[in-house]
Amino acid sequence: MFCYFDKGRSLSHITKRNALTMANKAMEVVKGLDLKRYMGRWYEIACFPSRFQPSDGVNTRANYTLRDDGTVNVLNETWSGGKRSFIEGYAYKADPNRDEAKLKVKFWVPPFLPVIPITGDYWVLYIDHDYQIALIGQPTRNYLWILSRKNYLDDETYNELVKRAKDEGYDVSKLHKTPHTNPPPEEEGLVDTKGVWWIKSLLGK
């Protein structure tokens, strides 16, 4: 196979152009998501680091519970410094009249005095037939999560999800695998009641 470059065009120029094309590509989002099947516990296998999570967090997971009004109660947990940290909020369909799995998630911060609402996008980009693995993103492509019902994922499945994300225009080099212990921790134990994890995440720690 042969390739050539137009005069005056460097490889970096073409790479940037291709990246821009992928970023402008419309993302494929799951349609017909069965919310009841989606409920329950999901473990974070990997994600893009963000200022909303402590960098030393382990055993990170989410618990989803369907409410009577059709919205979803969200409980996010992580363990930082040996203590359980958590934040609660709720999710709802961005457009109830559309079949796409585009949700909005709303939390209140800081966790020790939850008065400021923060809303984010939660797009289900992929879900397997058995609802055991999921790929979650959002329109700016600044956030990405690989989730699993178990706190581990075999390399083949993980790489397949990474490829899916890359095909949707995500910079998968930013993915960070989340450490987990076995067996997974229970809710009992020391709890960060002062929101130290939130302050640490804002400071990038």
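Modeller: One cut-off before we start: exposed means over 50% relative accessible area, and buried means under 20%. Keep in mind that this is a predicted model.

Biologist: Which exposed residues sit on the face of helix 3 turned away from its buried side?

Modeller: Start with the buried residues of helix 3: Thr157, Tyr158, Leu161, Val162 and Ala165. They cover an arc of only 140 degrees around the axis, so they share one side of helix 3. The face turned away from that side carries exposed residues, and these are Asp155, Glu156, Lys163 and Lys166.

Biologist: What covers the buried residues of helix 3?

Modeller: An α-helix has 3.6 residues a turn, so residues three or four places apart point the same way. In helix 3, Thr157, Tyr158, Leu161, Val162 and Ala165 are buried. Their cover includes strand 1 (40–47), strand 6 (116–127), strand 7 (133–137), strand 8 (145–148) and strand 9 (176–177).

Biologist: How far apart are the end C-alpha atoms of helix 3?

Modeller: Helix 3 runs over residues 155–167, which is 13 residues.

Biologist: Which residue caps the N-terminal end of helix 3?

Modeller: Look for a side-chain oxygen facing the backbone nitrogen of Glu156.

Biologist: Now Ala62. Is Ala62 buried or exposed?

Modeller: Ala62 has its place in strand 2 (residues 58–66). Its relative accessible area is 7%, and the cut-off for buried is under 20%. So Ala62 is buried.

Biologist: Which residues is Ala62 in contact with, leaving aside its neighbours within four places in sequence?

Modeller: Leu147 is 85 residues from Ala62 in sequence, and their C-alpha atoms are 9.1 Å apart. For contact, heavy atoms must lie within 4.5 Å. With those neighbours left aside, the contacts of Ala62 are Gly40, Arg41, Trp42, Leu75 and Asn76.

Biologist: Last one, on the whole protein chain. What share of the contacts with a separation of 6 or more comes from residues 24 or more positions apart?

Modeller: The protein chain has four helices and nine strands. Of its 205 residues, 40% are buried. For the contacts you ask about, the share is 55%.

Definitions and conventions
Residues numbered from 1 in each chain as written. Predicted model: local features only at pLDDT ≥ 70, side-chain atom pairs only at ≥ 80, totals over all residues. Heavy atoms only, no water. Helix = DSSP H or I, 4+ residues; strand = E, 2+ residues; numbered from the N terminus. Expected span 1.5 Å × (residues − 1). Buried < 20%, exposed > 50% of the residue type's maximum accessible area, 1.4 Å probe, protein only. Arc of directions from axis to C-beta. Polar contact = N/O pair within 3.5 Å; in protein donor to acceptor, adjacent residues only side chain to side chain.
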